[in-house]
Each structure stands twice: as structure tokens, then as C-alpha cells.
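Thanks for asking me to look this one over. Here are my notes, written so that you can follow them with the model open beside you.

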Amino acid sequence: MTEFGLRLAISLTQIAAVMGIVVITVLILTLAERKVLGWMQDRMGPMEVGPYGILQPFADAIKLFFKEDIIPAGANKFLFTMAPILCLIPTFIGFAVIPWGPNWTFEIGGISVKPFIISDINIGILYILAFASLAAYGIILGGWASNSKYSLLGGLRSAAQIISYELNVGLSIVGVLLLAGSLSLVKITDAQAGGFWNWFLFALPAPQIFAFVVYVISTVAETNRVPFDLPEAESELVAGFFTEYSGLRFAFFFLAEYANMMLVSCVAAALFLGGWNAPYPGTILALVGLPSFAWVENTMWFAVKTYSFLFLFFWLRATLPRLRYDQLMRFGWKVMLPIALGNIVVTSIAVFIYQQMK
Amino acid sequence: MSLVFFGYFGGMVAITSMLVVALRNPVYSALSLLVMLFHVAGLFVILHAEFLAAVQVIVYAGAILVLYLFVVMLLNVKEDDRYHSQWRIAAVVCVPLVIESIVLLSGGAGSTGHDSRSLESGPHGGIAADNTLAIGKTLFTTYLFPFEVASLVLLVAMIGAIVLAKRDFSESREL
């Protein structure tokens, strides 16, 4: 039983570390979004709290924490309370299979530990898709339980949108799975080692450029971000599914949205951009004689890729106006879906020919 | 250990599936169906069929049940409208079910009590390594014909659904 206890302790430590990273990243993101938007619109962004406004996220968190928590009189209290939690948990669970660094193992007291991933399961990417699809429940139930027409419409819109675009996310990933021959994120990342020309975005025999574009657009839609933020379109629906939410429950929805953005960015980095692999073969730290510190360089590359992807979200928000609802649906089903399906056909043929030639 | 998990998942599946039909609020029924689907996925994980578990959650919990909820919320069913006295049909369905379970529990034909090889030893060891690969290979070699027939039937059903929905739509617009 001591072995079980030790394993539990290691897992809990890893989970706590990953949770910490996610929450800190979300805090940084809330500030970064306002700053980036500010610069793009030629203004300063938040400047009051701390030097250059860097303590703004803490001020926001304290404000939300102490706000009055209102439950509308006609609301379904149980579901109204459950919805933000249902939204948050699936997103956080997904981080369990993200490889943050090299696929190392070392032994502690007879157990092999992988320091950079909580759980290396052989269906990693399906696991993420499965839990990502559950985030829709939080939004729909939150909209329905509020007992308000704006919330309900926002929730229903979100349901239709998430289902439509989730399909495209799943299909755009299939090409990568065909190239890697595995569903495990660790194996997929390992297959992209040795320079940026091996990343699945550019890799022969079938570069996944179209799949990447479909993935980016669909994830923006799936996380309800501008230009696909119809579930919370303020000019039509006040604030969509969280119109009636305030205080801590609103903070949960907010946290879930940003954590979800981070999750899809991590998946994009791992699937298309080589994960923790540097864009050149090997690592510089290993070359200068510090191979035991190479993981620092690798995790930094993962962070760089993830943050560049997150920057794209802010960039899109500052640039594009919102789509109309029918345009959104037509775009998803009549443009994105055929591209994703075509990519699967082309990739399978290319992989087949490549294997025959070998 | 696995027996404890089986007990938990099996018990929850039984309880929540009863709640699906017993609860008065249709939204709660849909939610207990969601919990049930999750625990069925848990049963798959115990049997080392992780791929099936993930597909179960993605397809049923992630897509189909969301559409159920969608419809339930749009229709806004009154709680009483859902209940009709259908106990005669229920009785007719129940009789064979009760007979089946009696036969199974008493160890008659079809029972796996004595012959539990399929779960314990069987091809289990080989499949557990990468059951996604195993499922793919089996589908595209042994069961290729049924697989293709099933996909054709699904395609026809899909086209049928689109044709029916489209016709309705254009007629209502002409009116």
C-alpha cells in the first residue's frame, strides 16, 4: 500500500503543479488580452493597479470574489449552481494528458515517474475531445437554468455552434493521427522531433496546413471567441448564457473560457507545431554540455508556441467583426467540413503511397 | 479493486437509468442519462476498452445528448404532458425481461458464470496494449462487409433525413 500511497502523492503533486500553471496563465491572459487589445487600438490598457497595471488580474479576482452572488428568483437553483462547475471541470481535466516537456522517466522508490505529463494514456487526444465536448453542457444548462430569454437563446446558440465546430476540430486532427499512427499525445510529439520541417504542419508526405487552418478557425468558434462569439453577443443578447450570473459563478465561466483557450492552444502546439521540440534538431543546452537542463529549453519552446497561439486569439478579437448566425452555420458546414474531409482523403492517399515506396 | 469499481459503475448505471424514466423534470432526465453514459464509459475502461469509452463519451454524451437537451429546452415540455398511462405496454415488455433475468441468474443458457474466460484470460492481454489498433484491424478485415453495409445504411438514413427536412422547409415557405 506504500507504493500506492507514493504514486498517489506524486500524481497529486503533478496535478497541483499543472493546476497552478493553468491558473497563473489564466491570470496572465486576462491582463495580456486587455493590454494587447489596448495597444492594437492605440491606447494604454489598464495602467492603474501596480506598475503598468500588472496587478490588474489580482484586483479583478478580488472584486469578483467579494461581489454579491445573485440567484434570480425564477432560476432553477440546483442547475444554476452546477452549470459553472460543469463548465470548468472538463476543461481542467483535459490538461492531464498534455506533454509539457521531454518524454523522460525516472525512478522514485521503485516507481517510474514521467515528470512532464500527468498521465500518458494511449488515447490522449480522444480523451481531450471527449471532455471538451462536455463543456457545452455547462453553457446550455447555465442558459436554461437562468430562466431568462437572453440566457436561453445564448445557451441554445452555443449548443448548435459547439456541436457543429467540434466536428471540424475532430476531423482536422485525423490527418495528424494518420501521419503519427498513434492517438497518444506523447507519441505524436515524439514523431515530430528533429527540426521544424518535421512538424506535422510542414511534414512530408502530407503537410497539414489546411488542417491547421481548419483547426484554428474551429477552435476559435468552439471557445466562443470573437468573431464567433454569438452565444454572448452583447448587441443582441445582453451577455448570452451568463447574463444572470454574477460574482464567483461568473468568475468560474470566465476562468473556464480562458482555460479552454489555453487547452486548445496546447493541443495545437502538440499536434501541429511539434510540441516541446525546438525548431532545430536537438537543443542548444545539450550542445553546450548541459544535457540535464535541456528540458528547460524544451518547455520554453512549448510555452512560446502556446502563447503565440493565444496571441492569435487576441489578434482576431481586435481585427474581425462578429459573424451573423446563419453565416456561422453555413461557414462551418459548407466550407470547413469539406476542407477537413478533403484533407483526410489526400493525407490517407499520400501516407499509403509513402508507405508503399519505403 | 476492479470488483469495487465494477460495483460502483454498475450500480450507478442501474440507478441513473431508472432515474431517467422516473424523474419528473425532462431536463433532469436528460442529465441522469448523461451520468449513466459516463458510467457506461467507466465500465468500458475497466474492460480495457479505452477507445470505446472515449467514443461513447464523444458520440453519445458530447453530441446526441446535447441535441436531446436542445429539443427538450426548445419544446419546454410541461411536466404532466410527458406522462400517459402506458402500463399495459410496460407490462408486455417487462414479462420477457423478467423471464430473461431469471434464466440468466439461475445459470441457464447464455450465462457467462461458468465460462468467464472471455473476460479473464482470452485475447485480453494482446488487446490491452493498443485496442484502438485491434478494433481498426478487426473492423477492416474480419468485419469488413458488415462495416461497409452499416456505413451505407447510415448514409442512406442521412440523405433521407436531409430530403425530409428540406421538403418540409420549402413547403412551409411556399405557404
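This is a predicted model: local features need pLDDT of at least 70, side-chain atom pairs count only at pLDDT 80 or more; totals for chains, interfaces and linings use all residues.

1. **Chain B as a whole.** Chain B has eight helices and zero strands, so you can read its order from the N terminus simply as α-α-α-α-α-α-α-α. Of its 175 residues, 19% count as buried. Chain B exposes about 12500 Å², and carbon and sulfur atoms supply 73% of that area. If we take the contacts in chain B between residues at least 6 apart in sequence, 60% join residues at least 24 apart.

2. **A helix of chain B.** Helix H4 of chain B covers residues 87-105, and Ile89(B) is found there. Is Ile89(B) buried or exposed? Its relative accessibility is 55%, so Ile89(B) counts as exposed. From Ile89(B) to Val103(B) there are 14 residues in sequence and 22 Å in space, taken C-alpha to C-alpha.

3. **Where the chains meet.** Chain A brings 22 residues to the contact and chain B brings 25 residues. The size of an interface is often given as the accessible area lost when the parts come together. For chain A and chain B the buried area is about 2100 Å², with 79% of it from carbon and sulfur atoms. On the chain A side, Tyr137(A), Trp144(A) and Leu156(A) supply 27% of the area buried against chain B, more than any other three residues. If you look for salt bridges across this interface, the count is zero.

4. Arg317(A) is partly exposed at 36% relative accessible area, whereas Glu33(A) is buried at 2%. Another salt bridge joins the side chains of Asp60(A) and Arg34(A), at 3.2 Å from N to O. Because Asp60(A) lies in helix H2 and Arg34(A) in helix H1 of chain A, that pair ties together parts 26 residues apart in sequence. Asp60(A) is partly exposed at 22%, and Arg34(A) is partly exposed at 37%.

5. **A salt bridge within one helix.** Asp326(A) and Arg330(A) also meet through their side chains, at 3.6 Å from N to O. Both lie in helix H13 (residues 325-357) of chain A, four residues apart, which is about one turn of the helix. Asp326(A) is partly exposed at 33% relative accessible area, and Arg330(A) is partly exposed at 46%.

6. **Cysteines.** The model has zero disulfides over all chains. Cys266(A) is buried, at 0% relative accessibility, while Cys94(B) is partly exposed, at 42%.

7. **A nonpolar patch on chain A.** A nonpolar surface patch of about 1100 Å² includes Met44(A), Met47(A), Tyr52(A), Phe58(A) and Leu248(A). Which helix gives the largest share of the patch? Helix H2 (residues 56-66) of chain A does, with four residues. Met47(A) is in the loop between helix H1 (2-40) and H2, and it is partly exposed at 31% relative accessible area.

8. Most residues other than glycine have a negative phi, and most peptide bonds are trans. Asp42(A) has a positive phi, near 65°. Asp42(A) lies in the loop between H1 and H2 of chain A and is exposed, at 73% relative accessible area.

9. **A buried glutamate.** Glu222(A) is in helix H8 (residues 209-222) of chain A. With 11% relative accessibility, Glu222(A) counts as buried. Leaving aside residues up to four places away in sequence, Glu222(A) touches Ala132(A), Ile162(A), Glu166(A) and Val169(A).

Technical notes. Residues are numbered from 1 along each chain as its sequence is written. Chains are lettered from A and ligands numbered from 1 in the order in which they are written. Side-chain values use heavy atoms; hydrogens and water are left out. Patches are made of residues with over 30% relative accessible area and no salt bridge: like charges are joined within 9 Å, nonpolar side chains (Val, Leu, Ile, Met, Phe, Trp, Tyr) within 5 Å. Accessible areas come from the Shrake-Rupley method with a 1.4 Å probe; for residues, only the protein chains shown count as cover. A salt bridge is a side-chain nitrogen of Lys or Arg within 4 Å of a carboxyl oxygen of Asp or Glu. Helices (H or I, at least four residues) and strands (E, at least two) are DSSP runs, numbered from the N terminus. Buried means under 20% relative accessible area, exposed over 50%, partly exposed in between (1.4 Å probe, protein chains only). A disulfide is a pair of cysteine sulfur atoms within 2.5 Å. Contact means heavy atoms within 4.5 Å. Buried area is the accessible area (1.4 Å probe) that two parts lose on being put together, summed over both.
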